Amino acid sequence: MQTLNDSTTTNADTSEVADYATDNLPLDLLHPGGMVETIMTYINETAICQQPTFALAAALTLCGLLYGRRFRDESGQRTNLFFMGVGYTSAGKDHAIKSISRILSAAEANGLWISQVTSDSALEHALSRQPRIVLLIDEAGHFFSAVNDQGSGAALKSIKPSLLQIWSSADRCWKGKQRAPQRDKAEIPVEISCPHVCLLGMTQPQTFFNGASRADIQDGWLARPIFLISKTRPPARLNLPPRDIPDEILREVRQFSTDPASGYEARIAPSTPEAKQILEDFNTKVRKIMLQSDRDKNEVASLYGKAVENARRIALTIAVGKNSIDPIIDAEDMRYGVALVSYTIRYAIDAIEENLAENELERAKKRLLKTIREAGTHGIVRKDLTRKSQYLKRQLRDECLDDLIEAGEIIIGKTDNGAELFKIA
């Protein structure tokens, strides 16, 4: 399997984000096969700025939505998937989201997607009308930042706990919040049989990391989405001619856009013995990682907490996309699910460790430390450091540098002409 190509370049200032990306996915991960690959290819070929990884996320999200409440694997896993695409502004993020809404609209299935929710009550209402939906959230970093903001109202803060519950409730009855009765009217909790929610969010790197916190790791939120991180800025293909949605895709959407009964009668897609062994080996590996993270008190490794479930969901989605009449999860499908989850978690952990902070001061220090580290053994003079960190006010920058020096993480010296020079200790 090929590895990430470290020579990937970008026109953007990489000092502002962690230098990790899944742009160059191993070749076999760019070919999931079946309907997932058909949709992925269409989305990528119609993109002004081609981002194959975002097209892959969109294809898996759409197929996961369509096959929801109809299929399950032997353990009861469904195809409800959460994806988060992280990339630069004007680098092709929005095309993935627009493509899903365009495909659903063309197939007269507009009722299957929403773009925002404002509270858990709004989510409950949407699911009571349509128990199978996809959330397409552009600028998801701003959205989840508002959800996490201490100054936000209770309505916004209620969204994440509901999503956490619903992610794990696609095979059972989910009850909404029990509310106090209004006057003499009893308030009965909303009950949804097998709620099936998929999510595709797109965000800029710094917006996402500024809005995320360690609480998102501790409560398991960041373990649920599959992160596809891009640091490339693909060239725009000007005068790209419009292209009709292939009939094969529209037929698939129309076939699966009508909602099945309750979701409890979902058809089982069995796994072959080889597929089961691949999953068992992966489960053993994940358990070792989690146990080691407990010993090391490395909470970021808890991103592996939902890795096995996500691998099963991806394998099931791909298998149904290949054969929806008699789906079987074979070794190729399971190997793909395990490989994609493993690959994306590895780079998500690197990026989160590099960028995630508890507060503005810690975040600013991490970004300054990264800039100094990137300068190499020669260090960086204050003038250049100031230019590369203009996002910080002078007082905060100086406070960060003083803390880093006192902590022994950087050292300060002088150049031959007397300019202050900062280096990694």
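Author: The discussion below takes the sheet, then a helix contact, then a hairpin. This is a predicted model, in which local features need pLDDT of at least 70, side-chain atom pairs count only at pLDDT 80 or more, and totals for chains, interfaces and linings use all residues. Residues are numbered from 1 along each chain as its sequence is written, and side-chain values use heavy atoms, with hydrogens and water left out.

Reader: What is the order of the strands in the open sheet of 5 strands?

Author: Strands of a sheet pair through backbone hydrogen bonds, either parallel or antiparallel. Here the order is 3-4-7-2-8, with parallel pairing; strands (E, at least two residues) and helices (H or I, at least four) are DSSP runs numbered from the N terminus, and a pair requires at least two bridges found by DSSP. Strand 3 (113–114) and strand 8 (226–229) each have a single partner strand, so one side of each lacks a neighbour in the sheet. Strand 2 (residues 82–86) joins strand 7 (residues 196–203) over 5 bridges, with Val86 opposite Thr203.

Reader: At what angle do the axes of helix 3 and helix 10 cross?

Author: Axes are lines fitted to C-alpha atoms, for helices over the stretch in contact, with angles from 0 to 180 degrees between N-to-C directions. The axes of helix 3 (residues 93–106) and helix 10 (residues 247–257) cross at roughly 70° and come within 9 Å. Helix 3 is therefore roughly perpendicular to helix 10 (65 to 115 degrees).

Reader: Which residue takes a positive phi in the hairpin of strand 11 and strand 12?

Author: Gly418 does, near 90°, in a hairpin with 5 residues between the strands. Strand 11 (residues 410–414) and strand 12 pair in the antiparallel sense over 5 bridges, and Lys414 has Glu420 as its bridge partner.

Methods:
Angles under 35 degrees count as roughly parallel, over 145 as roughly antiparallel, 65 to 115 as roughly perpendicular and the rest as oblique.
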